[in-house]
Amino acid sequence: MTHPALEPGRIGPLHLRNRIVKTATFEGMTPQGRVTSRLVEHHAAFARRKVGLSTVAYGAVEREGRTFEHQLVVDGEARDGLARLARAVHREGDAVSLQLSHCGGFTKVARPVKGPSPGFNPYGIAAGRGWVRAMEEADLDRVEAAFVRAATVARDAGFDAVELHLGHGYLLSQFLSPVLNRRRDRYGGDLEGRLRFPLRVVTRVVDAVADRLAVLCKINVDDGVAGGLDPAEAAQVAVALEAAGVHGIVTSGGLVQRSAFFLLRGEVPLRAMARHEDGLLQRWAMRGLGRIFVPSYPWSPGFFLESGRHIVEAVRIPVVALGGLDGAHTLRRAAEAGYRFFALGRALLADPDFVERLERGEEPTSRCDHCNLCVAAMDEGVRCVRFERPKSAEDRARRAATP
Ligand SMILES: Cc1cc2nc3c(=O)[nH]c(=O)nc-3n(C[C@H](O)[C@H](O)[C@H](O)COP(=O)(O)O)c2cc1C
């Protein structure tokens, strides 16, 4: 019998050859925020290996929406590069999605730093960006317009889908999270208030592009911190998004600024993370204090499947399972629980032939052992560090020289 993940599927206007989504894993291939040949080839390669939908990671909707310098900026200048990427993926028979995000108060580059509520931004202290100001009405209007503009850039570049980032502690998740949103105006307080700004953004994007593009929202099923968004509230968020016209919900969790490894689980590779910090002080802080400030969480297969169950029961649009989908068996478990699509990150980095093996009727299980060295080294080009083939000096030089 065909594996359920290999059935063709539909998300809004988008028809997919199968139900496997390559989820966003920051590629580290957008120096100064621009599309490179290396990024194009990275996604074309997943397409060649038969995934159904490949997701380009973290497209900042404006320059001030970047957490760090080398994230993709989705503005008019990016359109030609993105169009080249979309064409390359389409040539391989795959569809392509662009993740759209804004960092809000979690950034090393924005100035001034603005989020839903005033407070500290420890991530930006060494860069002189340690203090967050509260967004005012004009900021909300500007960011809303930036999301719409970026979605139209994706559409005009020939993308098939956009994934709006409402999770992981970025701006729209900062509004949704009761621990990060302490506003007393109509954009804070109860869930209706915390949803107001994210819903404004989503509704405008849906109005602008949903006739042509699938509009997905990546949300937290659980913030993973005391007092944060929990699975029951997350289900209400999903219902509101469905009513706003969204075509699919991607279920993740965690706040990168408080519980980064809640969304990954497994090892916290502190030494490798310290090596990739910019400054001596940050390197020292990561090695010395990382154990305290970067908690680890045990990994288990399909680690968000249970928390996302409320969402599967609450909405009729497709729900995309995510988190620790490590093999044919776990995908089947997700399908039985009612998830209609399956997003894989590290498993596809470690085993790019995963879908082809499913197609051959095998029961693949990923080699990924959640060492998370891929996360520590993502800035130099994301890949499975554990199982990468040893590179010759010549290969390394060629990779470093490829724009
Ligand atoms: C190297 C790496 C980079 C990531 N970058 C992003 C990102 O840019 N945007 C995002 O929403 N999630 C990002 N994630 C999280 C993944 O999308 C996904 O939520 C997480 O890896 C769990 O899925 P998995 O168990 O299949 O890897 C990243 C994960 C990894 C491993």
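Me: In this predicted model, is the crossing of H5 and H6 left-handed or right-handed?
Reply: Helix H5 covers residues 191-209 and helix H6 covers residues 231-243. Their axes come within 11 Å and cross at roughly 35°. The crossing of H5 and H6 is right-handed.

Me: How many nonpolar residues does the contact of H5 with H6 have?
Reply: From H5, the residues Leu191, Leu195, Leu199 and Val202 take part, and they meet Glu233, Gln236, Val237, Ala240 and Leu241 of H6. By class, one residue of this contact is polar and one is charged. The number of nonpolar residues is seven.

Me: How far apart are the end C-alpha atoms of helix H2?
Reply: Helix H2 comprises 13 residues, 79-91. At 1.5 Å a residue, H2 should therefore span 18 Å. The separation of its end C-alpha atoms agrees with this, at 18 Å.

Me: What arc around the axis do the buried residues of H2 cover?
Reply: The buried residues of H2 are Leu82, Leu85, Ala86, Ala88 and Val89. They lie on the same side of H2, because the arc they cover around the axis is only 160°.

Me: Which exposed residues does the face of H2 turned away from its buried side carry?
Reply: The buried side of H2 has a cover that includes helix H1 (37-48), strand S4 (53-60), strand S6 (95-101) and helix H3 (137-156). On the face turned away from that side, the exposed residues are Asp80 and Arg91.

Me: Why do the buried residues of H11 line one face of the helix?
Reply: In helix H11 (residues 328-336), the buried residues are Ala328, Thr330, Leu331 and Ala334. An α-helix has 3.6 residues a turn, so residues three or four places apart point the same way. The buried residues of H11 line one face because, seen down the axis, they fall within an arc of 165°.

Me: Which glycine takes a positive phi just after H11?
Reply: The buried residues of H11 are covered by elements including strand S13 (319-322), strand S14 (341-344) and helix H13 (354-359). Just after H11, a positive phi of about 105° is taken by glycine 338.

Me: Does serine 300 count as buried, partly exposed or exposed?
Reply: Serine 300 lies in the loop between helix H9 (280-293) and helix H10 (309-314). A residue is buried at 20 or more C-beta neighbours within 10 Å and exposed at 12 or fewer. Serine 300 has 15 such neighbours, so this residue counts as partly exposed.

Note on methods. Residues numbered from 1 in each chain as written. Predicted model: local features only at pLDDT ≥ 70, side-chain atom pairs only at ≥ 80, totals over all residues. Helix = DSSP H or I, 4+ residues; strand = E, 2+ residues; numbered from the N terminus. Expected span 1.5 Å × (residues − 1). Arc of directions from axis to C-beta. Contact = placed C-beta atoms within 7 Å. Axes fitted to C-alpha atoms, helices over the stretch in contact; angles between N-to-C directions. Left-handed = near helix turned anticlockwise from the far one by under 90°. Nonpolar A, V, L, I, M, F, W, Y, C, P; charged D, E, K, R; others polar.
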